[in-house]
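Subject: Structure for your files

Hello,

Here is the structure I said I would pass on.

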Amino acid sequence: MLFLDTETTGLGGPGTYVFLVGLGYLEDDAFVVRQHFIRSPEEEPAMLQAVADTLAQWPIFTSFNGLSFDIPLLRTRMRANKIKANLWRNLHCDLLIGARQLWQRRLPNCQLQTLEAHVLNFRRQGDVPSAEVPGMYFDYLETGDLSSLEGVFHHNVLDIISLAGLMVAMHEQIAEADHAKR
């Protein structure tokens with residue numbers, strides 16, 4: 001199973017593009033996170049092609065709110081850049097949907113960081129707020145200082161790792177409920 005998370009220049013619409021795609025998966029006994037990053041908007045087609053090629057190798061991928069955000073935006077950007085990819089060919093597991101089914105009544109909300117705190121017992125330290133990510137990328141484009149994006153890369157890795165942890169927690173919750181019914 002492949003875990004996917006994007007970082008973008010906005011919430012959609014004209015001028016919004018994907019500048020970082022994190023992909024996580026098990027390889028042998030290690031969890032690997034690969035990040036596809038564009039140093040400038042001109043590199044977006046090559047990055048999107050690399051992501052499409054990777055997705056084509058996996059029958060299923062997992063995201064958080066990907067059905068509403070990541071996948072439609074990736075499809076739009078791939079179409080705009082003439083990248084041939086059928087993202088709907090893969091099975092897609094959007095963990096937000098399952099999280100709402102399992103924990104909506106017990107938690108204040110089903111945002112990823114709320115689930116991390118209450119379900120995974122994990123609190124991010126020194127994380128970049130999602131709302132600041134686009135501005136940080138635009139600052140990087142102006143200055144060329146890649147070190148200013150370290151927090152964004154770290155944020156993306158935390159998102160990917162949280163997806164894997166959340167998938168395990170959901171599986172355990174469902175297995176416990178199933179066992180209790182027997």
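Two strands pair if DSSP finds at least two bridges between them, where strands (E, at least two residues) and helices (H or I, at least four residues) are DSSP runs, numbered from the N terminus. This is a predicted model, in which local features need pLDDT of at least 70 and side-chain atom pairs count only at pLDDT 80 or more, while totals for chains, interfaces and linings use all residues. Residues are numbered from 1 along each chain as its sequence is written, and side-chain values use heavy atoms, with hydrogens and water left out.

Strands

Strand β4 (residues 60-63) pairs with strand β1 (residues 2-8) in the parallel sense, over 2 bridges. Leucine 2 stands opposite phenylalanine 61 of β4. β4 also pairs with strand β5 (residues 91-94), again parallel, over 4 bridges. There, isoleucine 60 has leucine 91 in β5 as its bridge partner.

Threonine 6

Threonine 6 is a residue of strand β1. Its relative accessibility is 6%, so threonine 6 counts as buried (buried is under 20% relative accessible area, exposed over 50%, partly exposed in between; 1.4 Å probe, protein chains only). The side chains of threonine 6 and aspartate 70 are joined by a polar contact of 2.5 Å. A polar contact is a pair of N or O atoms within 3.5 Å; within protein, one must be able to donate a hydrogen and the other to accept it, and residues adjacent in sequence count only if both atoms are side-chain atoms.

Aromatic rings

The whole structure has 9 aromatic pairs (rings of Phe, Tyr and Trp, the last by its six-membered ring, with centres within 6.5 Å; planes under 30 degrees apart are stacked, over 60 edge-to-face, the rest tilted). Phenylalanine 37 and tyrosine 137 form an edge-to-face pair, because their ring centres are 6.1 Å apart and their planes are at 90°. Phenylalanine 37 lies in strand β3 (residues 30-37) and tyrosine 137 in helix α5 (residues 133-143), so this pair ties together parts that are 100 residues apart in sequence. Both residues, phenylalanine 37 and tyrosine 137, are buried. Ring pairs link a cluster of Tyr17, Phe19, Phe37, Tyr137, Phe138, Tyr140 and Phe153.

Cysteines

How many disulfides does the structure hold? The count is 0, a disulfide being a pair of cysteine sulfur atoms within 2.5 Å. For cysteine 93, the nearest cysteine sulfur is that of cysteine 110, 14 Å away, which is too far for a bond. Cysteine 93 is partly exposed, at 23% relative accessible area, whereas cysteine 110 counts as buried at 10% relative accessibility.

Regards
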